[in-house]
Amino acid sequence: MLKELGPGFRLMLIFTVLTGLLYPAVMTGVSELIFPKQANGSLVTVSGKVVGSSLIGQPFAKPEYFHPRPSAAGNGYDGTASSGSNLGPTSAKLLHGTTKMDDKKNEVVDFDGINLRIVHYCVDNDIPYESSVPLDQFKDAHGDLDDVKLIKAFNDDKTPLLFRAKAPIPQDAVTASASGLDPHISPANAETQAGRVAKGRGVSSDQVKQLIAQFTEQADWGFLGEPRVNVLTLNVALDQRFPVSK
């Protein structure tokens, strides 16, 4: 029996060393030599401090920054939970969102939904809209929109809230990518946000749009993919070019 098992055991050791040790070591060395930045995660540094990776998106919420597209990866841009929502175009959850009870028995947002994203995108970027019910009815004591109330209004079976933007909204502004980690937005999405960003930084929209044009990446090799803007690198450039006054 040992005579029959011996060759198999030796082959296992050989291929373990070849494919488990030597091959990864060689590939890592070649990558470090030819593509050192990519091999180390395409990290973005500011003043010697790592602020993120140009390959993985991250949330930005302040008005003086460009906002990324929505993310369904974990709580948003979670690299350990990369995924899309896997919801179909007719899904009520995808369109209207859902709520849940948290550990303290408070009703909170479970999934925001496209309609809620459209509301915030319109309000944040001064896009004209039509609403069957004034949005003031969905504000909390601080004057902020109450997302739970909005989601419940969208899901009302008898008189659902109807909301429509009067201007085109870029698709990537209200839909998540398949990975949930997409670091880019479309130039159209960036330009729509330019007015809000410019106001937050005390500069003109034209100045911000010039920066968008400067950081717009064209299709790879001229035909693969679409023009795109990396949100992190654009926001880093904003801080360097138009720092926010304190």
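In helix 4, the buried residues are Ile114, Asn115, Leu116, Arg117, Ile118, Val119, Tyr121 and Cys122. The model is a predicted one. Helix 4 spans residues 114-124, and eight of its eleven residues are buried, so this helix is largely enclosed by the rest of the structure. Burial here means a relative accessible area under 20%.

The buried residues of helix 4 pack against several elements. Among the helices are helix 3 (92-96), helix 5 (147-154) and helix 6. Strand 4 (107-111), strand 5 (129-131) and strand 6 (163-165) also pack against these buried residues. Just after helix 4 comes aspartate 126, with a positive phi of about 55°.

Helix 6 has a further partner. Helix 6 (residues 187-201) packs with helix 7 (residues 205-214) at an angle of about 135°, and the two axes lie 8 Å apart. That angle makes helix 6 oblique to helix 7. The crossing of the two helices is right-handed. On the helix 6 side, the contact is made by Ala190, Glu191, Ala194, Gly195, Val197 and Ala198. Helix 7 contributes Ser205, Val208, Lys209 and Ile212. By class, this contact of helix 6 with helix 7 has six nonpolar, two polar and two charged residues. In an α-helix there are 3.6 residues a turn, so residues three or four places apart point the same way.

Serine 186 lies in the loop between strand 7 (184-185) and helix 6. The side chain of serine 186 makes a polar contact with the side chain of aspartate 172, at 2.7 Å. Leaving aside residues up to four places away in sequence, serine 186 touches Pro170 and Asp172.

Conventions: Residues numbered from 1 in each chain as written. Predicted model: local features only at pLDDT ≥ 70, side-chain atom pairs only at ≥ 80, totals over all residues. Heavy atoms only, no water. Axes fitted to C-alpha atoms, helices over the stretch in contact; angles between N-to-C directions. Helix = DSSP H or I, 4+ residues; strand = E, 2+ residues; numbered from the N terminus. Parallel < 35°, antiparallel > 145°, perpendicular 65-115°, else oblique. Left-handed = near helix turned anticlockwise from the far one by under 90°. Contact = heavy atoms within 4.5 Å. Nonpolar A, V, L, I, M, F, W, Y, C, P; charged D, E, K, R; others polar. Buried < 20%, exposed > 50% of the residue type's maximum accessible area, 1.4 Å probe, protein only. Polar contact = N/O pair within 3.5 Å; in protein donor to acceptor, adjacent residues only side chain to side chain.
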